[in-house]
Amino acid sequence: MVRTVASLAFEKLNLNRGWLTVLAPNTRAIRAYEKCGFRRNGTLREESFVDGKYVDALVMGLVRSDYEAAAT
């Protein structure tokens, strides 16, 4: 799914950069994004209140050159 959206963004819409946020405890999603070429750009500290506590969110970005490198 992530690769499909990235493909649409870079190949069809001709974008140069995309970004997303993901909750830090969601390690499986983070790994999936990194496999597609996304890199961690920053941390939004205590961004969301989940299960009675505040958790960080990561900002992850993907630029065309990283997408093309990951696609090969």
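# A walk through the predicted chain

Asp66 is found in helix H3, which covers residues 64-71; helices here are DSSP runs (H or I) of at least four residues and strands are DSSP runs (E) of at least two, both numbered from the N terminus. This is a predicted model, in which local features need pLDDT of at least 70 and side-chain atom pairs count only at pLDDT 80 or more, while totals for chains, interfaces and linings use all residues. Residues are numbered from 1 along each chain as its sequence is written, and side-chain values use heavy atoms, with hydrogens and water left out.

Asp66 counts as buried because its relative accessibility is 17%; buried means under 20% relative accessible area, exposed means over 50%, and partly exposed lies in between, with a 1.4 Å probe and protein chains only. Leaving out residues up to four places away in sequence, Asp66 touches Gly37 and Arg39, where contact means heavy atoms within 4.5 Å. Gly37 follows H2 and has a positive phi, near 110°.

The buried residues of H3 are Arg64, Asp66 and Tyr67. Seen down the axis of H3, these buried residues fall within an arc of 165°, so they line one face of the helix; the arc is that of the directions from the helix axis to the C-beta atoms. The cover over the buried residues of H3 includes H1, S2 and S3.

The protein chain has 3 helices and 3 strands, and from the N terminus on the order is α-β-α-β-β-α. Its C-alpha trace spans about 40 × 20 × 15 Å along the principal axes. Of the 72 residues in the protein chain, 29% are buried. Among contacts between residues at least 6 apart in sequence, 58% join residues at least 24 apart.

The strands pair as follows, with pairing taken to require at least two DSSP bridges between two strands. S2 and S3 run antiparallel and are joined by 8 bridges. Within this pair, Arg40 stands opposite Met60 in S3, and Phe49 has Tyr54 in S3 as its bridge partner. S1 and S3 also pair in the antiparallel sense, over 7 bridges. There, the bridge partner of Trp19 is Gly61 in S3. In a regular strand the side chains alternate between the two faces of the sheet.

S2 and S3 form a hairpin with 2 residues between them. Asp51 lies in the loop between S2 and S3 and has a positive phi of about 50° although it is not a glycine. Asp51 is exposed, with a relative accessible area of 78%. Glu46 likewise has a positive phi of about 50° and is not a glycine, but the place of Glu46 is in strand S2. The relative accessible area of Glu46 is 51%, so Glu46 is exposed.

Helix H2 (residues 27-35) has Ala29, Ile30 and Tyr33 as its buried residues. Seen down the axis of H2, they fall within an arc of 100°, so they line one face of the helix. On the other side of H2, Arg28 and Lys35 are exposed. The cover over the buried residues of H2 includes helix H1 (2-12), strand S1 (17-23), strand S2 (39-50) and strand S3 (53-63).

Ile30 is found in helix H2 and counts as buried because its relative accessibility is 4%. Apart from neighbours within four places in sequence, Ile30 is in contact with Val22, Leu23, Ala24, Arg40, Leu58 and Met60. Ile30 and Asp56 are 26 residues apart in sequence and 13 Å apart in space, C-alpha to C-alpha.

The protein chain has 11 positive and 8 negative side chains, and the centres of the two sets lie 5 Å apart. Lys and Arg count as positive and Asp and Glu as negative, while His and the chain ends are not counted; the place of a charge is taken as NZ of Lys, CZ of Arg, CG of Asp or CD of Glu.
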